[in-house]
Amino acid sequence: MEFQNLIYESSGAIAVVTINRPKVLNALNKAVLQELDQAFAAIAEMREIAVVIVTGAGEKSFVAGADIAEMSAYGIAEARAFSRLGQQVFNRIEELPQPVIAAVNGYALGGGCELAMACDFRIAAQNARFGQPEVSLGVIAGFGGTQRLPRLVGRGMAAQLLYSGDMIGSDEALRIGLVNKVVAAEALMDEAKAIAGRIAAAGPLSVIASKAALREGSNMDLKRALAYERELFAAGFATADQKEGMAAFLQKRKANFQGR
Ligand code: HXC
């Protein structure tokens, strides 16, 4: 796939989507969001892709936020449409059947932090910085930050970050559970690909069902969520992958999953 503002690459079952506007620290304008929408709509249909990694071009920034130059001229209707567009794209990422890993290689601010939070989990380079600095621009987070941040790190820490605009480093992000792991900048993509490789080696239908249970269940009360989990668990027994996975264990060999 060819884009103006993104680089799409794949190797085996792992796809890498790189946001590529390094001169403005990969700020998200409408064009980038529309391309992200197209890229993820296409990836959703690619059965050969098991995992996606999202990162930013250059060594300094993952995404430094929505494009302030573009937003500065917006009126109310344009602002609402921009928020809606970003929310739709990030929902699409969250709802992608395959897992998405954010490899955070520097600034993840505003819309950049919101993009990272729409991914399934985050791995950060030591130099990564996170924050929701919208309040210092006279606005608020509008691509899901006020909702996904408290769900990830708890309401108190989210309140501090959303009200103060404070930036936090990778170690603090690790401590509050915003990222899963911090590695040296030069090791970031290798680490993300190593985790992606382990996910890609698992039963693909099981991974997709796990993501669906995690995502959909978090929007349900516990009883309904457990019923949903139960149905997905039971449905697994209609697949060849369940027969293969369990037979391989009993025969003390590696499973050869077919994704059916
Ligand atoms: C547009 C941006 C940008 C952004 C950086 N640039 N962030 N352009 N939108 N979000 C541009 C700068 O203008 C500059 O362009 C170039 O990238 C390099 O940035 P510098 O500021 O010179 O770099 P540095 O001094 O190292 O500072 C890095 C930084 C700072 C701390 C990340 O750039 C910064 O504070 N950026 C804004 C972060 C932010 O407020 N993000 C939230 C945006 S609001 P030139 O042409 O001068 O070289 C948001 C809302 C989402 O995300 C919800 C919408 C509905």
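Strand 1 and strand 2 form a hairpin in which two residues lie between the strands, and Gly12 in the turn has a positive phi of about 60°. This is a predicted model, in which local features need pLDDT of at least 70 and side-chain atom pairs count only at pLDDT 80 or more, while totals for chains, interfaces and linings use all residues. Residues are numbered from 1 along each chain as its sequence is written, and side-chain values use heavy atoms, with hydrogens and water left out.

Helices (H or I, at least four residues) and strands (E, at least two) are DSSP runs numbered from the N terminus. Two strands pair if DSSP finds at least two bridges between them. Buried means under 20% relative accessible area, exposed over 50%, and partly exposed in between (1.4 Å probe, protein chains only).

**Strands**

Strand 1 (residues 6-11) runs antiparallel to strand 2 and is joined to it by six bridges. Within this pairing, Glu9 stands opposite Val16 in strand 2. Strand 2 is mostly covered, with six of its six residues buried. On one side these are Ile14, Val16 and Thr18, and on the other Ala15, Val17 and Ile19.

Strand 2 (residues 14-19) is also joined to strand 3, here by six bridges in a parallel arrangement. Ala15 stands opposite Val52 in strand 3, and the bridge partner of Thr18 in strand 3 is Thr55. Together with helix 1 (residues 30-44), strand 2 and strand 3 make a right-handed β-α-β unit. A crossover is right-handed if, with the strands pointing away from the viewer, the path from the first strand over the helix to the second runs clockwise.

Strand 3 (residues 51-56) is mostly covered as well, and six of its six residues are buried. Val51, Ile53 and Thr55 point one way, while Val52, Val54 and Gly56 point the other way. Strand 3 pairs with strand 5 (residues 100-104) in the parallel sense over three bridges, and Val54 stands opposite Ala102 in strand 5.

**The loop between strand 2 and helix 1**

Most residues other than glycine have a negative phi. Leu25, in the loop between strand 2 and helix 1, has a positive phi of about 55° although it is not a glycine. Asn26 lies in the loop between strand 2 and helix 1 and has a positive phi of about 65°, again without being a glycine. Leu25 counts as partly exposed at 24% relative accessibility, whereas Asn26 is buried at 0%.

**Pockets**

On a 1 Å grid over the protein atoms alone, a pocket is an open set of points with protein on both sides within 12 Å along at least five of seven lines, where a 1.4 Å probe fits; lining residues have an atom within 4 Å of a point. Grid points are joined across faces, edges and corners, and a volume is the space filled by probe spheres set on the points.

| Pocket | Volume | Lining residues |
|---|---|---|
| Largest pocket | about 650 Å³ | 19 residues |
| Second largest pocket | about 470 Å³ | 21 residues |

Glu94, Arg148, Arg151, Arg215 and Ser218 lie nearest the centre of the largest pocket. The elements that give two or more residues to its lining are helix 3 (76-95), helix 4 (111-118), helix 5 (145-153) and helix 9 (204-217). The lining of the largest pocket has five nonpolar, five polar and nine charged residues. In these classes, Ala, Val, Leu, Ile, Met, Phe, Trp, Tyr, Cys and Pro count as nonpolar, Asp, Glu, Lys and Arg as charged, and the others, Gly among them, as polar. The largest pocket lies between domain 1 (6-200) and domain 2 (202-250), because both give residues to its lining. The domain bounds come from an automatic or database domain assignment.

In the second largest pocket, Ala66, Met71, Glu134, Val139 and Ile140 lie nearest the centre. Helix 2 (68-71), helix 3 and helix 4 are the elements that give two or more residues to the lining of the second largest pocket. The largest share, four residues, comes from helix 3. By class, this lining has 13 nonpolar, five polar and three charged residues.

**Two further residues**

Phe143 sits in the loop between strand 8 (129-131) and helix 5 and is buried, with a relative accessible area of 4%. Arg198, in helix 8 (residues 188-201), is exposed, with a relative accessible area of 55%. Arg198 and Val51 are 147 residues apart in sequence, and their C-alpha atoms are 9.8 Å apart in space.
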